[in-house]
Amino acid sequence: MTRRQIHLAAHFPGVNNTTVWTDPTAGSQIDFASFEYFARTAERGFFDYLFLAEGLRLREHRGQLHDLDVAGRPNTLAILTALAAVTEHIGLVGTLNTTFNEPYELARQLGTLDLLSNGRAGWNAVTSSDAFHGANFRRGGYLDHADRYVRAAEFAALSKALWSSWRDDAIVADADTGEFLREDAVARVRHESRLFDVDAVFDVPRSPQGRPVIVQAGDSPDGRDFATEHADVVFSMHTAFDDAQQFYRDVKGRLAANGRDEDSLKILPAATFVLGDTADEARERSREIALQQVRPQTAITYLEQIWNRDLSGYDADGPLPDIEPDTGVETAQGFAGRHAAIRARVGQLREQAVAENLSIRELVIRLTAKHTFVGTPEHVASEIDRYVQERATDGFTVVGHVTPHGIDEFADRVVPLLQERGSYRRSYDDGATLHDLLGLPPVSDPVPVP
């Protein structure tokens, strides 16, 4: 029986507490040399694509910048464009927001990256409706939460219409006749709704893959519907085997309603890993890394966001606060359910801490820093292969804990074992686009009709 092939993405660290910037081996998260090293390592490991997360604003808590994000992150498209020049095969996927961008301009930028990289670009389409991020764009809270995916769906449909508006054979460039473009080379794109009013003739020709790959990370019912209509890849957080398998079945089961089959959408959950020469060594390394990832300040900050109180006087290595959470004015219309949910969440955390004898820091580690795969390289390779062969995932988005060396061990010690199993590529095909690497069907977005 033919083995299902594993697809891997490499997540560049540096935007949350998964990244251990205090580690002696850690490098810069903003120097181009770090991005280049990471991309070359991922390409050496034959990954499908490099993945960049993005935050539109430095995170804050109680008016203070979160220390892990102070160094910031350069513009995603600028980074990916620079990486296109120093890589040859690997896909280049960036996170870009559908709420605070406009379809024509973003489609043009991504289409340009796709063209210049010979069909290796991808777009992780995310949404936002909160005033915190909107304040950067003079749009604080302007979009109703319910409209996030309404706008995102229209944004994606418009982008695909713009990318498909050029014929594959649009450019003639016949010096003898003086004809450069065919007469019907480019279709006009018109779209009018309460969210967008576009009348455009797109100015970027098609790339070798037709259009950028679309990645999506939403987990709500609306997010899942968006994925099955518009996305090529889902970046999920479902990593426990049974949970991942259930998510896989649910999302893949929705594809038929959109005329799609199972192979037209790949599911690549985020996965952290810790390797050791023995299982015991790997577990001890995992414990040490988790303590680096969840420092005392991080643990207290995590609880403050739930309790909505200043908990700085509590010891992170002591028991959970005995004070009740501040749920605000409980009679406020529409907030009764939220208050009840906060109290219930605090109750659950207390029960877990007592049952497992956990300190604040140990509890936060359990909730936020539990590593997906911990063990010998043989064990990790076996587990990754099991997930894919038994249809819990199509692969993983691999997340390291240091920059830029986070996936070095994985590329050197796990990838060869996956190759030995016959589940992972040993080379890139010449000229392969990102669609090709992911095993996606050819792009068949309809040409817009004027």
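Mentor: Start with a term: two strands pair if DSSP finds at least two bridges between them. Helices (H or I, at least four residues) and strands (E, at least two) are DSSP runs, numbered from the N terminus. This is a predicted model, where local features need pLDDT of at least 70, side-chain atom pairs count only at pLDDT 80 or more, and totals for chains, interfaces and linings use all residues. Residues are numbered from 1 along each chain as its sequence is written, and side-chain values use heavy atoms, with hydrogens and water left out.

Trainee: OK, which residue in β2 is the bridge partner of Ala-9?

Mentor: Tyr-49. β1 and β2 (residues 49-52) pair in the parallel sense, over three bridges.

Trainee: And how many bridges between β1 and β16?

Mentor: Five, again in the parallel sense; β16 covers residues 395-399. Ala-10 has Val-398 as its bridge partner there.

Trainee: Why is β1 largely enclosed by the rest of the structure?

Mentor: Because five of the five residues of β1 (residues 7-11) are buried. Buried means under 20% relative accessible area, exposed means over 50%, and partly exposed is in between (1.4 Å probe, protein chains only).

Trainee: Which way do the β1 residues point?

Mentor: His-7, Ala-9 and His-11 go one way, Leu-8 and Ala-10 the other. All are buried.

Trainee: Switching topic. How many helices and strands in the protein?

Mentor: 14 helices and 16 strands. The radius of gyration (over C-alpha atoms) is 23 Å, close to the 22 Å from the globule rule for 450 residues, so the protein is as compact as a globular protein of that length. That rule is 2.2 Å times the number of residues to the power 0.38.

Trainee: What share of the residues is buried?

Mentor: 52% of the 450. The C-alpha trace spans about 80 × 60 × 40 Å along its principal axes.

Trainee: Now Val-198. Buried or exposed?

Mentor: Buried, with a relative accessible area of 15%. Val-198 sits in β10 (residues 197-200).

Trainee: What does Val-198 touch?

Mentor: Leu-158, Val-189, Arg-190 and His-191, leaving out residues up to four places away in sequence. Contact means heavy atoms within 4.5 Å.

Trainee: How far is Val-198 from Phe-273?

Mentor: 45 Å in space, C-alpha to C-alpha, and 75 residues in sequence.

Trainee: Last one. Why does Leu-181 count as partly exposed?

Mentor: Because its relative accessibility is 33%. Leu-181 lies in β8 (residues 179-181).
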